[in-house]
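Dear colleague,

Please find below the structure that I am handing over to you.

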Amino acid sequence: MITPNIEHLHYFTTVVETGSFTAAGRKLGRDRSSIGQAISNLEVDLGVTLFHRNGRVITLTAEGEDLYARARTLVQSYQSFCQYSQNIASNTESEICIGVDFLTTNEEITLVDTALSSQFPNIITHWQVHPTDQLDALLESNQIDMSIRLYQNRDLPEDFHLVHLDNIAMSAVINSQISNQLSSARLHTELRKIPLITYIDADRIMRTDRFELVQMTASPHLAISIVKRKPSWGFFLHHYLTKIVTSIKKFQSILSTLYTLDALLYGTTMKVSVA
């Protein structure tokens with residue numbers, strides 16, 4: 001039975017992927033002659049010629065092409081096995097599941113995922129999106145390993161290890177059709193007379209139950225679309241508003257339709273944390 005050296009198979013796949021013995025040696029920290037000798041030994045073990053050699057120019061033989069994909073799978077499986085055994089020995093997770101709420105943007109998830117992959121390249125990360133008020137229960141029941149969500153100071157949990165990641169700025173916007181009422185609309189009593197367009201999990205940021213005219217929508221994107229088209233107001237993540245304005249060429253029309261109420265009582269800063 002043929003028992004090729006796994007290290008030689010690794011050299012073989014690296015030579016194919018880099019295009020030469022020299023480049024493979026550079027990537028693996030070996031000299032060119034060591035790589036060449038390892039490939040020759042592998043060819044003897046397998047009983048086939050893997051490369052056509054023409055000086056320093058090499059090309060795969062038909063047999064080499066057939067064996068490369070299988071060798072690559074074998075090398076990756078071996079490396080995965082080694083990493084998994086190291087994770088067990090060091091008590092390191094091989095997979096983690098992170099829950100986020102609907103207020104976490106795709107850009108934020110991508111940044112976290114990239115950072116995790118960079119620091120822990122062999123850990124597989126699974127992402128789940130849930131309503132904010134369900135994340136703590138999922139964490140407590142071990143259905144997720146950690147959560148990234150918004151917390152107000154008044155509802156910080158005591159049962160989990162909490163790490164503060166960043167502060168999130170919120171901005172209120174009001175339809176321009178009622179911008180002439182802006183001076184009075186700043187008052188709490190006046191804002192109660194204007195429909196508040198809200199969305200899933202918004203009540204985790206602001207007490208919407210203090211307003212009589214509350215219209216619930218499915219997402220911030222839908223909420224902002226409604227505020228643009230009828231006399232109403234809402235509050236949104238500041239970077240979400242910035243993204244909308246900068247992504248539309250005719251941003252002047254957006255600014256004329258939406259009036260941003262900065263530094264109001266209803267503007268707030270939230271904490272985004274990992275529990």
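**Helix α1 and its partners**

In α1, the residues H10, Y11, T14, V15 and T18 meet F21, A23, A24, K27 and L28 of α2, where contact means heavy atoms within 4.5 Å. By class, this contact of α1 with α2 has six nonpolar, three polar and one charged residues. In that division, Ala, Val, Leu, Ile, Met, Phe, Trp, Tyr, Cys and Pro count as nonpolar, Asp, Glu, Lys and Arg as charged, and the others, Gly among them, as polar.

Please note that this is a predicted model, in which local features need pLDDT of at least 70 and side-chain atom pairs count only at pLDDT 80 or more, while totals for chains, interfaces and linings use all residues. Residues are numbered from 1 along each chain as its sequence is written, and side-chain values use heavy atoms, with hydrogens and water left out.

Helices (H or I, at least four residues) and strands (E, at least two) are DSSP runs, numbered from the N terminus. Two packed helices are described by the angle between their axes and the distance between the axes. Axes are lines fitted to C-alpha atoms, for helices over the stretch in contact, and angles run from 0 to 180 degrees between N-to-C directions.

The axes of α1 and helix α2 (residues 21-28) come within 8 Å and cross at roughly 120°. The crossing of α1 with α2 is right-handed; a crossing is right-handed if the near helix is turned clockwise from the far one by less than a right angle, and left-handed if anticlockwise.

Helix α1 (residues 6-18) also packs with helix α3 (residues 32-46): their axes come within 9 Å and cross at roughly 115°. The two helices α1 and α3 are therefore roughly perpendicular to each other, a term that covers angles of 65 to 115 degrees. Their crossing is left-handed. On the α1 side the contact is made by H8, L9, Y11, F12 and V15, and on the α3 side by I35, A38, I39, N41 and L42. These residues divide into eight nonpolar, two polar and no charged.

**Individual residues**

I39 of helix α3 counts as buried, at 0% relative accessibility. Buried means under 20% relative accessible area, exposed over 50%, and partly exposed in between (1.4 Å probe, protein chains only). Leaving aside neighbours within four places in sequence, I39 is in contact with H8, Y11, F12, V15, F21, F51 and R53. The C-alpha atoms of I39 and F51, twelve residues apart along the chain, are separated by 8.9 Å.

L67 is found in helix α4 (residues 62-90) and counts as partly exposed, at 30% relative accessibility. With neighbours within four places in sequence left aside, its contacts are F12, L46, V48 and L50.

N175 lies in strand β6 (residues 163-175) and counts as buried, at 1% relative accessibility. The side chain of N175 reaches the backbone oxygen of V227 at 2.5 Å.

N142 is found in the loop between α6 (132-140) and β5 (146-151) and is exposed, with a relative accessible area of 65%. Phi of N142 is near 65°, a positive value in a residue other than glycine.

**The chain as a whole**

The protein chain has eleven helices and eleven strands. Buried residues make up 37% of its 275 residues.

Yours sincerely

Terms used:
Parallel < 35°, antiparallel > 145°, perpendicular 65-115°, else oblique. Polar contact = N/O pair within 3.5 Å; in protein donor to acceptor, adjacent residues only side chain to side chain.
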